[in-house]
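Hi,

Here's the structure I promised to pass on.

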Amino acid sequence: MSISLLRRGLELLNEDLKGVAKGPKKKCTKKASVMDQISTNKQGVRKQLRRLQPHNTTRKNKATVKDKQIRNALEEYRKKQKKSQLNSNLQYFLGNSYKMQTSCTQKIVHQNVGRQSRHQPEKPVKKQEKQSIFTEAEFQKFQEEYFSNR
């Protein structure tokens, strides 16, 4: 840091300290404005204003024994757990008197099969027959030349 920044910081600190130590501490009264109670720091002014302003809401937060209910922890846990609807759903669908035709169900299943890429069957790779550059006549000619010279 440069010396000028340090001097400026010390001057600001001294001004704040002088402002606090000038007179005897005053008691905060209700008539005193909120702005007088806030420090001279620039940061946190809004938070201090919110903290010092009186709340207009009056809440009755008195827990009395009369209103208190004794709760069982196990019962509370069971209430909060989601209940499975599987059995009731199965009974509904199995008890349904209307049955679809098998041809309709087959069409639906056939349409839905292979919709996603992972369900696509792998396409068979066509194997190409290895073709020789030489013809059969050229092989015969080579064989006659190779074995006749020996």
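Where H4 starts, a side-chain oxygen of Asn72 comes to within 3.3 Å of the backbone nitrogen of Leu74.

Before you go further: this is a predicted model, with local features needing pLDDT of at least 70 and side-chain atom pairs counting only at pLDDT 80 or more, while totals for chains, interfaces and linings use all residues. Residues are numbered from 1 along each chain as its sequence is written, and side-chain values use heavy atoms, leaving out hydrogens and water.

Searching the whole structure turns up one salt bridge (a side-chain nitrogen of Lys or Arg within 4 Å of a carboxyl oxygen of Asp or Glu). The partners are Glu11 and Arg8, with their closest N and O atoms 3.7 Å apart. They sit three residues apart in helix H1 (residues 3-21), so about one helical turn separates them. Glu11 is partly exposed at 44% relative accessibility, and Arg8 is partly exposed too, at 45%.

Over in helix H3 (residues 45-52) you'll find Arg50, which is exposed with a relative accessible area of 55%.

Cheers

Notes:
Helices (H or I, at least four residues) and strands (E, at least two) are DSSP runs, numbered from the N terminus. Buried means under 20% relative accessible area, exposed over 50%, partly exposed in between (1.4 Å probe, protein chains only). A polar contact is a pair of N or O atoms within 3.5 Å; within protein, one must be able to donate a hydrogen and the other to accept it, and residues adjacent in sequence count only if both atoms are side-chain atoms.
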